[in-house]
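Subject: Structure handover

Hello,

Please find the structure below. My notes on it follow.

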Amino acid sequence: MKTKKLIFSLILGIIFSNSYSQISASFYQNESNSKIAIGYEFNDTLWTDFRLYSGTNIENITPEIVLNYNLVKKEKYETYIGAGIVLNNINGIVIPIGIGIKPFESLKNLSFNIELNPLYEIDFEDVFIRGFIGIRYVVK
């Protein structure tokens with residue numbers, strides 16, 4: 001429980017710091033899970049997401065915290081790779097690999113994301129390969 005409080009406090013501290021920041025909101029889904037996310041961009045290449053899985057009650061809230069690095073960032077798309085952890089119902093290490101496609105010139109802060117999301121599940125000592133599609137909006 002102390003670990004969860006520490007991680008949550010760190011995320012809040014990052015979100016509310018006074019440095020360069022861009023807040024984002026996202027929604028990801030696949031055939032068995034969905035998750036909502038609040039993100040924070042430290043700069044043009046480094047950003048984080050605090051994701052919560054849906055379909056859980058208050059005792060089983062399952063957060064996923066990831067730190068992502070933009071490999072390529074262009075006007076119409078960006079590719080990224082990251083690393084993070086998932087806690088509670090799923091306990092593991094996750095490596096998101098994705099592309100965010102920005103199809104609308106008038107909405108440059110909106111992207112449709114496709115993400116490969118390998119997960120090493122610690123409790124099962126196994127690797128699961130998951131895929132998500134999503135939508136992400138960066139508030140500037």
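A residue is called buried when its relative accessible area is under 20%, exposed when it is over 50%, and partly exposed in between, using a 1.4 Å probe and protein chains only. By that rule, buried residues make up 38% of the 140 residues in the protein. The model is a predicted one, in which local features need pLDDT of at least 70 and side-chain atom pairs count only at pLDDT 80 or more, while totals for chains, interfaces and linings use all residues. Residues are numbered from 1 along each chain as its sequence is written, and side-chain values use heavy atoms, with hydrogens and water left out.

Overall layout

The protein has one helix and 11 strands; here helices (H or I, at least four residues) and strands (E, at least two) are DSSP runs, numbered from the N terminus. Along the sequence the order is α-β-β-β-β-β-β-β-β-β-β-β. Taking a contact to mean heavy atoms within 4.5 Å, residues 24 or more positions apart account for 40% of the contacts with a separation of 6 or more.

Salt bridges

Side chains of opposite charge can pair when their charged atoms come close. Counting a salt bridge as a side-chain nitrogen of Lys or Arg within 4 Å of a carboxyl oxygen of Asp or Glu, the structure holds 10 of them.

One joins glutamate 64 and arginine 51, whose closest N and O atoms are 3.0 Å apart. Glutamate 64 belongs to strand β4 (residues 63–73) and arginine 51 to strand β3 (residues 46–53), so this pair ties together parts 13 residues apart in sequence. Both glutamate 64 and arginine 51 are buried. They also belong to a network of salt bridges that links Lys35, Asp49, Arg51, Glu64, Glu115 and Arg130.

Another salt bridge runs between lysine 76 and glutamate 105, with the closest N and O atoms 3.9 Å apart. This pair links distant parts of the chain, 29 residues apart: lysine 76 is in the loop between β4 and β5 (77–86), and glutamate 105 is in the loop between β7 (97–101) and β8 (110–116). Lysine 76 is partly exposed at 39% relative accessibility, and glutamate 105 is exposed at 57%.

Glutamate 78 and lysine 102 form a salt bridge as well, at 3.5 Å between the closest N and O atoms. Glutamate 78 lies in strand β5 and lysine 102 in the loop between β7 and β8, so the pair connects parts 24 residues apart in sequence. Both glutamate 78 and lysine 102 are buried.

Aromatic rings

Rings of Phe, Tyr and Trp (its six-membered ring) count as a pair if their centres lie within 6.5 Å; planes under 30 degrees apart are stacked, over 60 edge-to-face, and the rest tilted. There are four aromatic pairs in the structure. One of them is tryptophan 47 with tyrosine 80, edge-to-face at 5.1 Å centre to centre and 70° between the planes. Tryptophan 47 is in strand β3 and tyrosine 80 in strand β5, so the pair ties together parts 33 residues apart in sequence. Tryptophan 47 is buried at 0% relative accessibility, and tyrosine 80 is buried at 1%.

Phenylalanine 124 and phenylalanine 128 form another edge-to-face pair, 6.4 Å centre to centre with 75° between the planes. Phenylalanine 124 is exposed, at 62% relative accessible area, whereas phenylalanine 128 is partly exposed at 35%.

Arginine 51 lies over the face of tyrosine 28, at 4.4 Å from the ring centre. Arginine 136 lies over the face of tryptophan 47, at 3.8 Å.

A cavity is a set of points on a 1 Å grid over the protein atoms alone where a 1.4 Å probe fits but cannot get out, and its lining residues have an atom within 4 Å of a point. Grid points are joined across faces, edges and corners, and a volume is the space filled by probe spheres set on the points. The structure holds one cavity of 30 Å³ or more. The largest cavity has a volume of about 40 Å³ and is lined by Glu75, Lys76, Lys102, Phe104, Glu105 and Lys108.

Leaving aside neighbours within four places in sequence, lysine 108 is in contact with Glu75 and Lys102. Lysine 108 and tyrosine 77 are 31 residues apart in sequence and 9.8 Å apart in space, C-alpha to C-alpha.

Regards

Methods. Lys NZ or Arg CZ within 6 Å of the ring centre and 35° of its normal. 1 Å grid on protein atoms, 1.4 Å probe; cavity = no way out; pocket = protein on both sides within 12 Å on 5 of 7 lines; lining within 4 Å.
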